[in-house]
Amino acid sequence: IRATWIPYISNSLDLWTPWPTQDQVRASIPTKFKAKLAATTHSRKCLIILDCTEIFIARPEDDELAKLHYSSYKKHYTTMKWLVGITPCGSISFVSAGYSGSTTDDEICKHCGFYGMLQRCDAVIADRGFTEFATLRDLGCELIIPALSQTMGKGHGTERAGMTVDENIRTYHIAQVRIHIERMMRLIKGGWHCFDALLPTQMLPLYSRYILNIAAKLTAFGLPLQGVDYLFE
């Protein structure tokens, strides 16, 4: 039953929440969001706010598999990791399949089909874990992330004293925009009891492809992340 109905529900929800067009995003972008976006970039085509989320899984018995799922972010735990995106108005627009906890954010973006969804002039807001400026530039898109405290990012450049005043201000405005994807992640993982315990290894194929997608899409049908004033003022 699970192998039949869970994929059916997930695929049905995908039909109800298709990838939005630029015109659809612009028509629904909140006024407050426009003001904050204007402080971070000249682009008015922010299509998606991205983040990765990790959920704890039971440690696989196979040591090599356990090593693959070991998360450098969630120390001492094995996890599955998903890429999730929302539109500026707070609706779910993208949920990837699950990847092992050791997979980087950039690797997930490359392999999950996300880049193929973008159009020229799209802008993507993300955190410092996403560094594929060149890939997005080649697609004619813009990556908006907080300023890095090092010239080339953590572990790849020379340390500097800190960020400039302008970089601090820009990072502050990006954080105000990105807080909504973090709220969505909390709602997805905290609103469904199937994520309360460690995910069983025998259920990982269903969780990876379908169950988190179902939870995310159903969560998006709930109340607005920031209330009615945020969406319509």
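1. In which sense do strand S2 and strand S3 pair, and over how many bridges? The model is a predicted one. In it, S2 (residues 79-86) and S3 (residues 92-95) run antiparallel to one another, paired over 3 bridges. Ile86 lies opposite Ile92 of S3.

2. The two strands S2 and S3 make a hairpin, with 5 residues between them. Within the turn, Gly90 adopts a positive phi of about 100°.

3. Across the whole structure, 7 aromatic pairs are found. One of them joins Trp19 and Phe94 in an edge-to-face arrangement, at 6.3 Å centre to centre and with 90° between the planes. This pair connects distant parts of the chain, 75 residues apart: Trp19 belongs to the loop between H1 and helix H2 (22-28), and Phe94 to strand S3. Trp19 counts as buried because its relative accessible area is 19%, and the cut-off for burial is under 20%. Phe94 is likewise buried, at 9% relative accessibility.

4. Phe94 also pairs edge-to-face with Phe114, at 5.5 Å centre to centre and 70° between the planes. Here the partners are 20 residues apart, with Phe114 in the loop between helix H5 (105-111) and strand S5 (123-125). Phe114 is buried, as is Phe94.

5. A nonpolar patch on the surface is formed by Ile1, Trp5, Tyr8 and Ile9, which together have about 520 Å² of accessible area. Tyr8 lies in helix H1 (residues 2-16). Tyr8 counts as exposed because its relative accessibility is 52%, the cut-off being over 50%.

Key. Residues numbered from 1 in each chain as written. Predicted model: local features only at pLDDT ≥ 70, side-chain atom pairs only at ≥ 80, totals over all residues. Heavy atoms only, no water. Patch = residues over 30% accessible without salt bridge, like charges linked within 9 Å, V, L, I, M, F, W, Y side chains within 5 Å. Areas by Shrake-Rupley, 256 points an atom, 1.4 Å probe, with all protein chains shown as cover. Salt bridge = Lys/Arg side-chain N within 4 Å of Asp/Glu carboxyl O. Helix = DSSP H or I, 4+ residues; strand = E, 2+ residues; numbered from the N terminus. Buried < 20%, exposed > 50% of the residue type's maximum accessible area, 1.4 Å probe, protein only. Pairing = 2+ DSSP bridges. Phe/Tyr/Trp six-rings, centres within 6.5 Å; stacked < 30°, edge-to-face > 60°.
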